[in-house]
Number of protein chains: 2
Amino acid sequence: MKDINIALIGVGTIGKGVVETISSNGQLIADRTGVNLVLRGVCDRDKEALASVDDDAALIKTSSASELIARDDIDIVIELIGGVNPAKEIVLSALRGGKHVVTANKALLSNSWEEIFAAASDSGTYINFEASVGGAIPVIRAIKEGFVANKIKTIYGILNGTTNFILTKMAAEGMPFKEALAIAQEKGIAERNPELDVSGKDSAHKLSILSMLAFGRVISNDEVYTEGISGVSPIDIACAAKWGYSIKLLAIAKNSPSGLQLRVHPTLVPSSHILANVRGEDNAISMRGDLVGESLLYGKGAGARPTASSVVSDVIDIARRVAFYGKKNPAPYNVVHDRSRKGIVPMEDITISYYLRFSVTDRPGVLARIASMLADNGISIASVSQEERKEGQTVPVIILTHKAREGDLRKAIAKIDDFDLVKGRTVVIRREE
Amino acid sequence: MKDINIALIGVGTIGKGVVETISSNGQLIADRTGVNLVLRGVCDRDKEALASVDDDAALIKTSSASELIARDDIDIVIELIGGVNPAKEIVLSALRGGKHVVTANKALLSNSWEEIFAAASDSGTYINFEASVGGAIPVIRAIKEGFVANKIKTIYGILNGTTNFILTKMAAEGMPFKEALAIAQEKGIAERNPELDVSGKDSAHKLSILSMLAFGRVISNDEVYTEGISGVSPIDIACAAKWGYSIKLLAIAKNSPSGLQLRVHPTLVPSSHILANVRGEDNAISMRGDLVGESLLYGKGAGARPTASSVVSDVIDIARRVAFYGKKNPAPYNVVHDRSRKGIVPMEDITISYYLRFSVTDRPGVLARIASMLADNGISIASVSQEERKEGQTVPVIILTHKAREGDLRKAIAKIDDFDLVKGRTVVIRREE
């Protein structure tokens with residue numbers, strides 16, 4: 001049995017979950033894997049957080065990450081403080097100092113992918129990050145190992161538990177976005193400032209990470225088209241349901257002949273598809289590879305214990321390598337390996353089908369004008385629904401289109417939104433089959 | 001870039017898939033992983049199978065596995081002939097000769113688990129077997145790595161594509177078992193002798209493997225209670241559907257305080273659960289761990305390319321270790337690590353709820369007699385349905401019970417089946433929530 005010494009930076013919810021896991025399941029882990037995980041030090045700026053960790057004569061408690069990381073007896077540094085700074089400095093100094101790193105930090109990884117992997121490669125250290133995407137779901141392993149022989153074609157993910165909780169609540173109770181958000185905040189599912197989740201940015205960070213791994217190239221966050229869920233209304237969810245669709249915030253990557261599509265937006269998903277049935281805070285990732293066909297991984301996307309499960313699995317992976325193969329990583333994972341040099345498809349150039357909701361004053365001819373403007377821009381209609389006809393009042397007209405070019409659709413909608421009889425901005429939601 | 005030499009034993013459907021994968025995706029694999037997979041030799045008794053592999057000056061084609069395995073220039077042996085013999089001899093002689101092994105052979109692994117891992121451990125070789133359970137689904141990795149920090153509580157799997165195809169067909173078209181089996185055979189989904197699949201034995205082999213990994217103990221095949229699908233009728237599928245259930249052949253492992261439950265049998269699953277929506281030949285595994293909660297993996301359970309994906313991922317894992325860490329495995333996976341020494345719960349002692357279908361001659365009082373015999377044995381009724389009342393004719397009476405002890409249920413059913421007015425044997429299907 002070999003002891004492996006761990007430093008934990010950040011004793012928040014997940015950090016506490018990691019401490020508990022090592023304490024409660026450490027014996028099982030040692031029996032299974034032949035390594036004994038020793039929590040050598042914990043670091044947090046908050047003294048109460050430090051005090052929450054059970055005292056142990058050998059355990060170092062400190063508010064200085066740099067001091068803890070610099071110690072010779074630390075093998076693996078777990079970074080759980082989140083955000084780009086000062087996490088970046090901590091991770092880079094750990095790697096450069098020859099310490100292996102486990103992190104759950106999607107903002108940092110999506111922001112500084114190349115720099116972090118270069119530092120790990122230069123110093124022969126390991127860096128693992130299973131918990132950065134999909135909480136308990138072993139999706140990073142699936143891409144790096146399980147599906148490593150595949151050309152990955154598409155990734156569809158529900159990668160953010162907060163927005164999925166809100167959309168589930170809206171769907172189940174016909175509740176407006178703001179009300180569902182308030183409930184999520186009360187329950188501690190959404191943060192007081194929910195911007196990162198609600199805007200789709202958190203999902204975009206995670207999609208970046210999955211895509212960089214799957215496609216072997218660097219992707220900057222601004223290359224991912226990102227649209228949040230605040231524009232989705234209960235009426236859209238109800239209308240989509242009538243046509244057999246659920247509305248989900250999907251993170252989508254497609255490796256098409258014309259380039260990579262990378263986008264996060266509310267999406268109509270057929271209600272019979274498993275992704276439509278992912279409820280509450282759960283996450284799921286559906287991937288298509290040239291060999292495996294469609295595969296799906298489903299599980300808890302957040303929470304102390306599910307996330308700790310992934311963090312500790314990463315620690316064990318490195319611990320076994322260090323214990324049995326030696327202190328250095330002789331062959332860092334080759335994160336940039338794409339030969340195709342494909343570009344990112346500009347959003348205007350993707351072709352996709354749409355759900356459109358127009359708010360119109362119901363006068364004769366308004367539908368005809370909308371339909372002909374769509375037709376003029378090469379957009380053909382699959383279904384139309386117009387309810388509660390009350391002459392002279394504003395009513396919703398809903399149209400499902402066949403596939404069309406996004407740029408053409410935007411042009412048509414801009415012109416339609418200028419019609420006198422069209423009130424407010426048209427709601428546009430993309431649809432995937 | 002390091003070359004790793006591979007010998008393939010068994011050039012059937014999956015073997016051909018492996019050859020094709022190495023040929024079509026070998027460059028991608030090399031770019032990603034830094035190892036170059038070189039197919040050095042192929043072995044099959046069938047000359048046509050050998051001839052199907054593209055000729056290459058460096059490629060050895062032979063009908064002698066032992067000759068090929070004995071070669072000094074082979075690093076990894078892929079065994080894809082299936083069945084216990086002669087695969088066992090081939091795998092053991094490869095391991096003992098210092099060759100690493102990748103196998104998809106669930107019959108062999110479930111039969112000779114300890115012997116095979118002891119051979120690998122003694123010789124410091126790696127043995128990987130992702131494709132033995134769940135085809136393309138990375139479930140072995142999930143248990144060994146992703147969920148390694150968890151105490152696994154339950155496993156529910158749809159592990160056999162043939163029986164799931166048959167049940168899906170029966171459900172969709174109200175078709176009897178034999179007819180659906182014939183279609184599966186026509187399509188090449190079921191073998192000419194379908195016994196291994198239809199009897200549940202193939203699922204039991206796979207459940208053994210997952211359970212041995214998850215619970216760290218040896219399980220012999222006869223410790224898994226196994227019941228096939230030939231007793232399921234379209235009427236049962238239709239009645240279950242009315243109550244909101246689908247019938248699936250589930251492989252179930254539960255780690256309960258009183259011991260391990262290990263069983264394969266047709267099962268009523270709530271129609272809203274993802275497992276109920278696994279259709280056709282697809283496989284899925286739902287696992288519950290103390291940290292991760294419920295997680296599910298879903299994908300293709302069979303087929304040349306999906307299975308080759310898992311076989312080649314196993315080869316790459318070993319290839320990287322051999323190329324970068326050295327020829328020997330310094331720390332074989334600790335397959336037997338259970339400290340609890342729990343027993344297997346005898347089937348009579350499990351408590352579970354049931355779907356019961358009695359064929360009765362519809363005379364007054366027959367339902368009362370059945371109900372009181374159930375009550376006398378401590379079995380309480382949750383719902384009853386009796387349709388098409390035609391005095392004097394045989395009609396089905398269907399009962400859903402609350403949870404009861406299996407032994408008590410068997411006693412009650414044995415007595416009920418002796419009633420004059422009860423015709424034929426009562427259909428008993430277990431129900432999971």
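This is a predicted model: local features need pLDDT of at least 70, side-chain atom pairs count only at pLDDT 80 or more; totals for chains, interfaces and linings use all residues.
## Chain A at a glance

Let's start with the fold as a whole. Chain A carries 14 helices and 17 strands. Its radius of gyration comes out at 24 Å, close to the 22 Å that the globule rule gives for 433 residues, so chain A is as compact as a globular protein of that length. Along the principal axes, the C-alpha atoms of chain A fill a box of roughly 80 × 50 × 35 Å.

As for the inside, 52% of the 433 residues in chain A are buried. If you take the contacts in chain A with a separation of 6 or more, 75% of them link residues 24 or more positions apart.

## Where chain A meets chain B

Now for the interface. On the chain A side, 49 residues are in contact with 50 residues of chain B. Four elements of chain A each put at least two residues into the side that touches chain B: helix H1 (13–33), helix H6 (139–146), strand S12 (293–300) and helix H12 (304–325). H12(A) gives the most, with 11 residues. By type, the chain A side splits into 23 nonpolar, 16 polar and 10 charged residues.

There's also strand pairing across the two chains. S12(A) pairs with strand S12 (residues 293–300) of chain B in the antiparallel sense, over 3 bridges. In that pairing, A:Leu297 sits opposite B:Leu297 in S12(B).

Over in chain B, strand S10 (residues 259–270) is worth a look. Of its 12 residues, 10 are buried, so S10(B) is largely enclosed by the rest of the structure.

Which strands pair with S10(B)? Strand S9 (residues 245–256) of chain B is one of them, running antiparallel to S10(B) with 12 bridges between the two. B:Lys254 has B:Gln261 in S10(B) as its bridge partner. S9(B) and S10(B) make a hairpin, with 2 residues between them.

S10(B) has parallel pairings as well. Strand S8 (residues 225–226) of chain B runs parallel to S10(B), joined by 2 bridges, and B:Tyr225 stands opposite B:Arg263 in S10(B). Strand S17 (residues 427–431) of chain B also pairs with S10(B) in the parallel sense, over 2 bridges. There, B:Thr267 has B:Arg430 in S17(B) as its bridge partner.

Technical notes: Residues are numbered from 1 along each chain as its sequence is written. Chains are lettered from A and ligands numbered from 1 in the order in which they are written. The radius of gyration is taken over C-alpha atoms; the globule rule is 2.2 Å times the number of residues to the power 0.38. A residue is buried if 20 or more other C-beta atoms lie within 10 Å of its own, exposed if 12 or fewer, and partly exposed in between; C-beta atoms are placed from the backbone. Two residues are in contact if their C-beta atoms, placed from the backbone, lie within 7 Å. Ala, Val, Leu, Ile, Met, Phe, Trp, Tyr, Cys and Pro count as nonpolar, Asp, Glu, Lys and Arg as charged, and the others, Gly among them, as polar. Two strands pair if DSSP finds at least two bridges between them.
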